[in-house]
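Visitor: Please walk me through this one step at a time. I would like each answer to end on the thing I asked for.

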Amino acid sequence: MTPTTVAVIGAGRIGRMHAENLVRAVPGANVKAVVSPRVDAAWADTLGIPVRTAEVDRVLNDPEVEAVIITAPSGRHVELIRRAAAAGKHIFCEKPVAFEPGLIEQAQAAVAAAGVKLQVGFNRRFDPGLLRMWMAVRAGEVGEIHQVRVTNRDPKAPPVDFVKRSGGLFFDFAIHDFDTMRFLSGSEIVELYALGAVLVDPEIGRAGDIDTAVITLRLADGALGVIDCSRQTNYGYDQRFEVFGSKGSIFVDNTTPTTVVSSSKGGVVADRPHETFVERYREAFIAELSAFVAAVRDGSPVRVGAEDALAAVKTAGAARTSHLENRPVRLSEGLQQTSGGKRQ
Amino acid sequence: MRVITAGILGAGRIGKIHANNLMAMAGVRLKAIADPYTDFKEWPGPAITASRDPEDVLKDGEIEAVLICSPTPSHADFTDAAARAGKHIFCEKPIALDPERVRATLATVKRSGVKLQVGFNRRFDPTFARVRQAIVNGEIGDVQLVRITARDPAAPPIEYVMSSGGMFVDMTIHDFDMVRFLSGSEVEEVHAYGAVLVDPGIGKAGDIDTAVTSMRLSNGALAIIENSRQAVFGYDQRIEVFGSKGGIEAHNETPARTVLRTAAGIRSENPLYFFLERYQRSFVIELEAFFSSIRDDKEPPAGGKDGLMALVVGLAAKQSLVEGRPVRVEKLASPEAKKVR
């Protein structure tokens, strides 16, 4: 098997994680270059990545590079997708591709015109638990779907500086939940109602965002959904999912670092959930890149593409409108002018 | 302990449960039970006066407390009559389906100076009571989210659905009470999505069988209730309260605690089948609390206001579903508030 040569654009936390996964855990991937204004040379040495550069064009002009992994700041995603597509490179892009549906459509058009692949970093679709759930639902184990529930809570509220440039809770955080809702149900969200609150950190409120949300929604197949989000649990990264239907239900629980249970007079104590998304979705992050590399190698379609990014962003826009105007919003109404990315 | 003499109106399913519980309860003497539709041949035995006439209970000067377990449409009239007769009252929920009627009855009760407890039995379930205690103790900090899953094991007959007042005031009313009880806060605004996914007959009868309801509470917290009339695996009753210091969760309870491991997989037990099994202990504890409040002259732990508020939230949810918008509860809760606005 000829290895697929890739370049990683962006060397922040996610960029470094993807590079490490590609080198250590994805068979058939050859990381040739990392693009960043500041590359830690010792880190790149350890991974055996030969090319370190601040110039995107250096990898885009390199005929050996077949695919790029875009993990640069989100504001640059669409521009990088268009340039990479024009250079004939296949693309894996972290979420969010963009906050505005129009920009995602531009990226989609550029990719289609160039005939390259674009996979979007909705990593949860590759989590073994959620995949097993998805297969069970598709196999009819729960019958017709009646209710889908997603619980998404971060361990610690992010710094306010991050919140200010994040696009807001619906675009930055709940966007994964909107995608998960579509993925698990196999149906489109047609209407939603979002309640938001500032209960964790008043600074987040002053920055114009919220830190707690409940989103209820109606799916095209008639089922109902519930998403609850919090920026801070204090007990770890809380990720739970349930699909309930005419024949029963299926549930994905939190995963824990170990399975130790200790009992004493004080109580029966088990591990908290994993602390961060990096640990919780470790397998998913590897599997999404393995799938991407395999799609590039085999010429098969990617499992999560621009249309999914588009649907999730449109949903986030509808959720923001719903929250601001305190009313249910139909997805079909909000498409005219989604000035996405503005803080709620 | 002073023995209190009690009577029961209504010998249907819940009336019988309460009667049997009272017969075994210390400090209570069940003297009489009345139901126009029961012949009392097999039950309750010679020690208890059984009658087809409610007046036999209401006019008995020895009876200090009355349990009203008759069909819903007669709750308010019997509560009024019992209050005028100076008897303390335990009334099954709902007191009435019309808030004005409930208010009138609460005024009668107040004038009579008797105690009124409403049958929100779940407050007395040991598991849910422990959840409330954890909140009161500050174990999870400030409440930020209350999440309730409440699913029945099988859809009720259509005749029942038609006289029930609809899912929100019949079934979800217990969950609205739990939201208020656990959070210690009022529901300010409610939004409901509903669907007919279990039984088209329920839809034809003008009701729904599946719902997700979201709420904003007066302390700023949010709440979610998921309902279904049919969970084929059993009575699905789970609660989670999430707060600034963590969360607490109540799982389903099961008949036993086994886990079976075989080549086919790891199998644990289905939830207890329905409310009679799941909330068995709560029915005893709620009555113990009722009789304690009479004996010690205290406010009953689930009073008339609780009955009214849960009903009003249920009606607001119903209105939200019909009108497709969030509904503020205060507009329904107090006519005075409406005038002021």
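Guide: A definition first: two strands pair if DSSP finds at least two bridges between them. The model we will look at is predicted.

Visitor: In what sense do β4 and β5 of chain B pair?
Guide: Take β4 as residues 65–68 and β5 as residues 88–91, both in chain B. Four bridges link the two strands. Two bridges are enough for a pair. The sense of this pairing is parallel.

Visitor: Which residue of β5(B) does B:V66 stand opposite?
Guide: Look across from β4(B) to β5(B), which pair over four bridges. The residue opposite B:V66 is B:I89.

Visitor: What is the strand order of the open sheet in chain B?
Guide: Six strands make up this open sheet of chain B. Their pairing is parallel. The order is β3-β2-β1-β4-β5-β6.

Visitor: Which strands of chain B stand at the edges?
Guide: An edge strand here has a single partner, so one of its sides is left without a neighbour in the sheet. In chain B that describes residues 49–51 and residues 116–118, which are β3 and β6.

Visitor: What does the twist average from one strand to the next?
Guide: Stay with that open sheet of six strands in chain B. Going from one strand to the next, the average twist is 20°.

Visitor: Is B:A81 buried or exposed?
Guide: B:A81 sits in helix α3 of chain B, residues 75–84. There are 21 C-beta neighbours inside 10 Å of this residue. The cut-off is 20 or more, so B:A81 counts as buried.

Visitor: How far apart in space are B:A81 and B:V232?
Guide: Along the sequence, 151 residues separate B:A81 and B:V232. From C-alpha to C-alpha, the separation in space is 42 Å.

Visitor: Where in chain B does a hairpin form?
Guide: Strand β13 covers residues 259–262 of chain B, and strand β14 covers residues 265–268. With two residues between them, the hairpin is formed by β13(B) and β14(B).

Visitor: How do the residues on the side of chain B that touches chain A divide?
Guide: On this side, 25 residues of chain B are in contact with 26 residues of chain A. Strands β7, β8, β9 and β10 of chain B each supply at least two residues of the chain B side. That side divides into 12 nonpolar, eight polar and five charged.

Visitor: How far apart are the C-alpha centres of domain 1 and domain 2 of chain A?
Guide: The domain assignment gives domain 1 as 4–123 + 283–303 and domain 2 as 125–275 + 309–330. Between their C-alpha centres lie 27 Å.

Visitor: Which element gives the largest share of the side of domain 1 of chain A that touches domain 2 of chain A?
Guide: In chain A, 16 residues of domain 1 are in contact with 13 residues of domain 2. Helices α5 and α12 of chain A each supply at least two residues of the domain 1 side. The largest share, five residues, comes from α12(A).

Visitor: Is A:V39 buried or exposed?
Guide: A:V39 lies in the loop between β2 and α2 of chain A. Leaving aside neighbours within four places in sequence, A:V39 is in contact with A:A11, A:V34, A:A44 and A:R52. Within 10 Å there are 20 other C-beta atoms, so A:V39 is buried.

Key:
Residues are numbered from 1 along each chain as its sequence is written. Chains are lettered from A and ligands numbered from 1 in the order in which they are written. This is a predicted model: local features need pLDDT of at least 70, side-chain atom pairs count only at pLDDT 80 or more; totals for chains, interfaces and linings use all residues. Axes are lines fitted to C-alpha atoms, for helices over the stretch in contact, and angles run from 0 to 180 degrees between N-to-C directions. A residue is buried if 20 or more other C-beta atoms lie within 10 Å of its own, exposed if 12 or fewer, and partly exposed in between; C-beta atoms are placed from the backbone. Two residues are in contact if their C-beta atoms, placed from the backbone, lie within 7 Å. Ala, Val, Leu, Ile, Met, Phe, Trp, Tyr, Cys and Pro count as nonpolar, Asp, Glu, Lys and Arg as charged, and the others, Gly among them, as polar. Domain bounds come from an automatic or database domain assignment.
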